[in-house]
Structure formats: C-alpha cells, structure tokens
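Here's a structure to look over, with a short report alongside. Have it open as you read.

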Amino acid sequence: MTSLVVVEHNNKEIASATKSTLAAAQKLNLEIWAIVIGFDCLGVAEQAQGFQCIKKIFCINDKLHEHHFAELHADQINQFLLQYNNVKNVLMSTSSLGKETMPRIAASQNVSQISDVTNILDNHEFERPIYAGNLTSRISSSEHIKLLTIRPTKFDTQILNGGDSIVESLKSIVADYKKKLVTREYTKSDRPDLASAKVVISGGRGLGSAENYLNTLEPLAKKMNAALGASRAAVDAGYAPNDYQVGQTGKIVAPEIYFAIGLSGSVQHLAGMKDSKIIIAINKDPDAPIFEVATYGLVADLFEVIPELTSKL
Ligand SMILES: Cc1cc2nc3c(=O)[nH]c(=O)nc-3n(C[C@H](O)[C@H](O)[C@H](O)COP(=O)(O)OP(=O)(O)OC[C@H]3O[C@@H](n4cnc5c(N)ncnc54)[C@H](O)[C@@H]3O)c2cc1C
C-alpha cells in the first residue's frame, strides 16, 4: 500500500509546500510515491529524487500540462488511481492547485475529501481547523482511499535528502484542451514571498492610507528583510494589494516573527497568523484583541514607534 504525493512546482522548482506535504505523508507510515505533472519538468522529478522518503517518482511531461490546470491534473491522477489500486492516500497541499484539484478527484472517486489537514493521528484519523481556526475537529475516515489537502504551515519542511528513487515516465492522457492561459501577471516585489518569509510585517486599517502603509512599513520591512502583509480592512481600503491579505480568506502564514501593526486582531485575521512563532503587536488601543495572542505587545501610536524602531535597526 502506498501514499501518493502530488508534487507542486513551476516546471523548474518544487514548491516548498510539497516538502510539508511529504512530511505529512511520512506520518501515514506507508511507502511514498510522488507524481510530477507538468511540461519540461524532468528537472523537478530529479529534485524529487533527492528526497529520501520517496520510493518512486512518476513523471508526466506534456505541453498541455505546462500551466497546471486543475481539471487536467485531476484527470491524470484519476487515471493513475485506476492503474495503481494500491494507492490508499493522495496528498496535495492546501494551495490554489490543491484546492481546485482534490475536489475533482473526490467527485470521480466518490469519496469525501479531508481538507486543510493540520495533524495526522494515524491512517484513519486526522485533525483540521473549523470556525476560522477557533476549534479543531478530529475526523475519522473509513473511505477506501483518503484524499487529503495538507496545511503547509503545520508540517515541517526539513525533510531528509539522500534519496535514490527511480523516475518512471507516464503517458499523458490529455490529447487536446480548449482552455488556454492568456496571460499571467505577477506582482513585482523586492520583498520575500509572504507565505514562506521568516519575518512578516502586516498593517491594518490603523495605517489610514496607502501612502502611510508604504511609507511607514516598507522601510522597516527592508531593514528586516521581511515580507509585507495586511488585514482585509487594509486591502479593501486599497492600502495594500489583494495578495498581501493574511487571514481566513487570505494567506495562512507562520513566520518566525509576525508584526501586527495597527490591526485589531479579528478572528478572521488570527486564523491566518496565530501559529507564528513570535507575534509583536503595536496598537494604540490597550483592549485590542490582538494583544491576547501577542508574545510582545506595545500600546502606542504606530506613527511614532515604527519610524523610531526603523531608525534604530
Ligand atoms: C467571511 C469573512 C472573512 C474575512 N477574512 C478576513 C481575512 O482573511 N483577513 C482579515 O484580516 N480580515 C478578514 N475579515 C475581516 C475582519 O472581520 C476584520 O474586519 C478585519 O480583519 C479588520 O481589519 P483591521 O484589524 O485592520 O481593522 P480594525 O478592526 O478597524 O482595526 C484597526 C486597529 O488599528 C488600531 N489603530 C488605529 N490607529 C492606530 C495608530 N495610529 N497606532 C496604532 N494603532 C492604531 C485601532 O486601535 C484598531 O485596533 C473577514 C471577514 C469576514 C466576514
């Protein structure tokens, strides 16, 4: 019996979330196989070979998989499951691709998916957050195949190198596809990636304007080599771009240090950052809920203390 990890990548490099997915798969104590679907992605399969926990890698290399469409991923994986009925678990991360692909596989397999798994207790019992992370539910599953999406911040990315697995090429089952990717626009930023940064500096409505957000937080972020984040109120008010949003409907982060500046600490915001190792809150309201989760709290006007802090670093 095996667990199948779907490798997420950009045709060049393995996403760090896949390392967490592999760490989760190891908790299932079955042989681990990995599947790489993409185009010009043999280098990705070679990188996967470096991981000790993977016993076998399957690679599907096809121009039609260049842009990683969830529908095509799901078709390929369903085909794979038909061929290999020893696969008892399929794991992807709780990424956009995972969230789009896994429900399609679940529908085809007629099983319930288990989403956003934060802990694996054994091969049948899993934990996942509910009510914006205020409760953890324990789920027992008797499905013949478990389809799991894994919350990356809950599993280690430090997995052992030194693997020597073999790579087997599989044929793509996709002959033609009408959907075409027209353009892909990336936010240009000198800052580290929000999801994997060691330090995140998030600003909220208290910043008051887009100009204040940038002028106050960017110099600090530069000095600390930090990623910038924001509350939804700050994003909705146009202080920061959408992809900066942290929280239940934004990104989930767990950096070494999280600065919560001029944000109150709503349950929806906490759902995205409360696993951070150190939380530093700066707010002028001593009763702001963010202080309940903060490791260090400073009741102060952010426009006074942030420039002072930045100048002293
Ligand atoms: C379904 C749903 C999903 C949601 N998802 C998210 C999500 O993913 N992420 C998210 O963040 N929110 C989310 N929200 C919104 C959430 O409920 C809050 O409205 C939002 O988080 C509030 O943002 P804020 O803390 O910046 O603003 P506020 O709650 O208005 O807080 C502003 C804070 O700034 C402080 N402040 C003001 N001026 C200063 C100053 N000069 N110096 C220091 N402090 C100052 C104030 O004391 C106050 O505490 C969601 C809501 C819903 C209903």
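## Ground rules

This is a predicted model, so to speak of local features pLDDT has to be at least 70, side-chain atom pairs count only at pLDDT 80 or more, and totals for chains, interfaces and linings use all residues. Residues are numbered from 1 along each chain as its sequence is written, and side-chain values use heavy atoms, with hydrogens and water left out.

The protein chain is split into domain 1 (2–169) and domain 2 (199–312), with bounds that come from an automatic or database domain assignment. Taken over C-alpha atoms, the centres of domain 1 and domain 2 sit 32 Å apart. Six residues from domain 1 and eight residues from domain 2 make the contact, where contact means heavy atoms within 4.5 Å.

The size of an interface is often given as the accessible area lost when the parts come together. Here domain 1 and domain 2 bury about 590 Å² between them, with 52% of it on carbon and sulfur atoms; buried area is the accessible area (1.4 Å probe) that two parts lose on being put together, summed over both. On the domain 1 side, Ala132, Arg151 and Thr153 lose the most area to domain 2, and together they account for 69% of what that side buries.

## What crosses the interface

The rule finds one salt bridge across the interface of domain 1 and domain 2, a salt bridge being a side-chain nitrogen of Lys or Arg within 4 Å of a carboxyl oxygen of Asp or Glu. Asp275 and Lys154 pair up in a salt bridge through their side chains, at 3.2 Å from N to O.

The side of domain 1 that touches domain 2 has one nonpolar, three polar and two charged residues (Ala, Val, Leu, Ile, Met, Phe, Trp, Tyr, Cys and Pro count as nonpolar, Asp, Glu, Lys and Arg as charged, and the others, Gly among them, as polar).

## Other salt bridges

The count by this rule comes to eight salt bridges. One of them joins Lys56 and Glu168, with the closest N and O atoms 3.1 Å apart. Lys56 is in strand E3 (residues 54–61) and Glu168 in strand E10 (residues 166–169), so the pair ties together parts 112 residues apart in sequence. Helices (H or I, at least four residues) and strands (E, at least two) are DSSP runs, numbered from the N terminus.

Lys179 and Glu71 make another, at 2.7 Å between the closest N and O atoms. Lys179 lies in the loop between E10 and strand E11 (199–203) and Glu71 in helix H3 (residues 70–83), 108 residues apart. Glu71 is buried, at 16% relative accessible area, while Lys179 is partly exposed at 37% (buried means under 20% relative accessible area, exposed over 50%, partly exposed in between; 1.4 Å probe, protein chains only).

## Two positive phi angles

Most residues other than glycine have a negative phi. Asn29 has a positive phi near 55 degrees; Asn29 lies in the loop between helix H1 (16–26) and strand E2 (31–38) and is exposed, at 68%. Asp116 has a positive phi of about 55 degrees, but Asp116 lies in strand E5 (residues 113–117) and is buried, at 13%.
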